[in-house]
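Keep the sequence and the model open as you read.

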Amino acid sequence: MITTVAICVLLLIVLLICGVALPFCFGAALMFMAFTGGVLMKSMLLWDYTQIISTTLLASPLFILAGTYMGGSGIATKLLDFVDSFVGRIRGGLGVVSVISCAIIGAISGSGFTGVAATGPVIIPRMTQQGYPRGYATALVTVSSVLGLLIPPSGIMILYGWQTGTSILACFMATVGPGVLIALLFCVINMIWTRKFDLNLEAPMPVHDRMKLAGKRGVIALPALMMPVIILGGIYGGVFTPTEAAAVAAIYSIPIGLFVYRTMTLKSFYKMTLDSLGSIGAIMAMIVFCLMLSQTFVTLRVPEKIIEVLTGVTDSRVLMLIILNLFLFVVGMIVNDATGMLLCAPILLPLALELGVDAVQFSAIMGVNLAMGGITPPYASILYLGMRVGNCPFNEILKPALVFLIFGYVPVVFLTTFWAPLSTWLPSVMGLM
């Protein structure tokens, strides 16, 4: 059976590398297991149906819709202008603006793609005009966009909680510590690196004038600033569920774009809706096949076999956790974050529990690893989107992106794995675990 599973995984990897669409990759792997694994697909289809009709899962497509509307409504631009009024005129300040803006947008959309799509077209030209190299500017915005997968509400945390039966609110809070720490490290690296850039900085503005500008932009950005307050306040105040919050976010963006900022027209609204529906359809098809494949592995007791193999190789908890992180990192390199979460969460959670890792802490471990995979080739979907948005070739974006990954991201991965309070303190304080 281990040989059969290994062939199935190899088939999946080959199809992914060949560029086959994700739903067909997992459908082919599932077909292989149906013919060779001895699992009854009729019962698997019934189980999959009971999972797919979950109202919790509905949050994922709704957040995709909300992120699309938010990008076209002007909310991201107004937030960026507001943050820029505080630190935009200091050396390296515009880079800090991009990091903070992506973190705020992540707190609204729950997606890494939204950060690139919404802030990239605005902030990257500003940074290049100020003297930042285009590759550096594009890399900073791109790597900062993964904060959307960590700052709550996070789409992949919804999938993890739904699959494993863990509190979704606890999973949301588990990634706050790692997400904030990554954002701080990115800001520090940016401030150090920009010392060697010849930047065309605007003349320093007196404090009074700066506060006046911030107040003016704050009034303009107030409808945008209210969005995370309404969403997060509603979720943690018990007013509505994450699914309802996603619907509120989508609906809230429409009048803001049409009537407040007037950056959205009925024609663009229609086009954005169609584009979102296409993406949602592809993602839901992928979820159907991915769920069935992961459940097939669980039925065949693959998690128990993995535990047996690893414990046979070493009895060192530290080494096994490092192997677990490397495995998740590799998974993130070949599939997107949602796919990696759906495929690996039910398989690897028993191993994590065996190693003494709490389910909430493991949600953060999976989150930071799979998010990092989104900007690491060969898959690197967020990285490639950043290259298109920033009109930047791969050889220019690669070096700065790797520096941010190695010095800003990897340390947080290890801290999240080996220092549990980073991910469990906040959920514990809030009584979620």
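α1 and α2 cross in a right-handed way, meaning that the near helix is turned clockwise from the far one by less than a right angle. This is a predicted model, in which local features need pLDDT of at least 70, side-chain atom pairs count only at pLDDT 80 or more, and totals for chains, interfaces and linings use all residues. Residues are numbered from 1 along each chain as its sequence is written, and side-chain values use heavy atoms, without hydrogens and water.

**Helix pair**
- α1 and α2 pack at about 160°, with axes 9 Å apart.
- Axes are lines fitted to C-alpha atoms over the stretch in contact, and angles run from 0 to 180 degrees between N-to-C directions.
- The two helices, α1 and α2, are therefore roughly antiparallel (over 145 degrees).
- Helices here are DSSP runs (H or I, at least four residues), numbered from the N terminus.

**Second largest pocket**
- Its space is about 640 Å³, the volume filled by probe spheres set on grid points joined across faces, edges and corners.
- A pocket is an open set of points on a 1 Å grid over the protein atoms alone, where a 1.4 Å probe fits, with protein on both sides within 12 Å along at least five of seven lines.
- The lining has 29 residues, with V5, V9, V302, I306 and F327 nearest the centre; lining residues have an atom within 4 Å of a point.
- α1 gives the most to this lining, with eight residues.

Methods
Angles under 35 degrees count as roughly parallel, over 145 as roughly antiparallel, 65 to 115 as roughly perpendicular and the rest as oblique.
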